[in-house]
Amino acid sequence: GGTDHIEWNVSRSKTATQLDTNTWTSNVTLSLPSAEEKLASDVVFVLDKSTSAEKEEQALGMLTALKEQTAKTGAKVKVGVVIFNKQANVTAPLTDLATGSETIEDAIKQEIKSGTNTHAGMLAGKQLLDEDTEVAANRKYLIFVSDGITYMYNAEPTVTAWSFFADAWKHWAGPNNWSSKNGNDNPPDNWSEWMTKIGTQVEAQGTQYEYPYEPSGETAKKCTPEDDTTYTDYANSIDKALYLTYQVYQEAQEAGYNCYAVANEVEHNYLWGPAFMRYLANGQRVDFGTIQNDILYAVSAGSTVEDQMGDAFDFVPGSLKLTVGGKELKSKADDNMTYFGDNAEDLSETNCRFKVLYAPDTDAFVWTINENVSNFAPVQLTYTVKLTKPETDPGTYGTEDLKGEKNVPADKALFTNKRAVLNAINSAGAPLNPLDFPKPSVSYTVKKSSS
């Protein structure tokens, strides 16, 4: 909510063709998403064993929409499923959605019981994404669904022998450890401060009070001190489980993956659980409709691109061409406005999919996007620029960097454009901070006359 623009990245590219020294022209292409990006995505579900049937159906509905989109575009989506109880159970490795949807559905609906280990689930989910090196990080999606109530951690279920007094000193691990330490089941007022505090406790005590979790009741060889005044200074099983889960979630985000925490809101007294999930989601209540749109769309309708030609180049009127998923749209020019759509005769201000307004006095244009841009069907706007005053003295001018990826210094470059900026609206309808496109640079050589 609010009016502030948010930090978010959008896949995009800008390329130029080699300068044609016969016509002194180059063709420039803006692409959303990037022209270099493979149309492949990974989606991994990390599901609590107690995930509600309602959440399962919402997830399956999202996958149905994705399958329909991939069928239209030829893009590939792989889906993996992890269901965690006391450990992580990979019920489906990454599976092609187009051919394995029934396998994926069965994996999501599989029933597993006994225990809750969010840390193990997150470790397994992140590993599935890590191991697929064929898909770009920004095309990977980790969807974590849980009520957040956990008291085990590590791939092999582990707990802490934390001492607390309840009629007598006890050391067992369970969801009631939270109220035993804090006096109630309410979440902390500030989760970030809580994470810092618990992180210090976890680091200080190491693993000396830990033991493998066994439902049969295996006990630890060493427990935290039985002391009425210091017992809250030690991290218990819930503390460490939440802390480690948070760490893996952060690592997945830092790897560039798109991460979502969906709180499975169920009736219980452990209020800290769903509150922890909302903390992972930055205080937002995430639903599968939002996730679906994030996977499907690069930017939403209403986004614009502002493009300023370079000092040495002029825009060539009439050169605009626009494709969606490789298919060229019809166009209609009206003075300095060009409309794009499916039927050239019907194109107008109120009936177009895209439009470009060129300003001759500044040699710049604004490209307005009137529809959601699919991540599986890149939209590409191509136009021609012309070098205004080619040099005649022998020498090489400019440095070739047709994808704008070499960060060529301005004094050595021959940029086709000064700057192109994407003013994007994301799938949730929120404006993003302006995002610059790369700046392609061309070069040419004037040879010394043989005479």
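**Aromatic contacts in the predicted model**

In this predicted model, tyrosine 209 and tyrosine 234 are both buried. Their ring centres lie 6.1 Å apart and their planes meet at 85 degrees, so the pair is edge-to-face. Tyrosine 209 is located in the loop between α5 (191–205) and β10 (210–212), whereas tyrosine 234 belongs to the loop between β10 and α6 (237–254); the contact therefore ties together parts that are 25 residues apart in sequence.

An edge-to-face pair is also formed by phenylalanine 365 and tyrosine 383, with 5.1 Å from centre to centre and 85 degrees between the planes. Here the partners come from two strands: phenylalanine 365 from β20 (residues 364–369) and tyrosine 383 from β22 (residues 379–387).

Across the whole structure, the search finds 23 aromatic pairs. One aromatic cluster is made up of Trp178, Trp191, Trp194, Tyr246, Tyr270, Trp272, Phe276 and Tyr279.

A contact between a charge and a ring involves lysine 439 and phenylalanine 415. The charged end of lysine 439 sits over the ring of phenylalanine 415, at 4.2 Å from the ring centre.

Terms used. Residues numbered from 1 in each chain as written. Predicted model: local features only at pLDDT ≥ 70, side-chain atom pairs only at ≥ 80, totals over all residues. Heavy atoms only, no water. Phe/Tyr/Trp six-rings, centres within 6.5 Å; stacked < 30°, edge-to-face > 60°. Helix = DSSP H or I, 4+ residues; strand = E, 2+ residues; numbered from the N terminus. Buried < 20%, exposed > 50% of the residue type's maximum accessible area, 1.4 Å probe, protein only. Lys NZ or Arg CZ within 6 Å of the ring centre and 35° of its normal.
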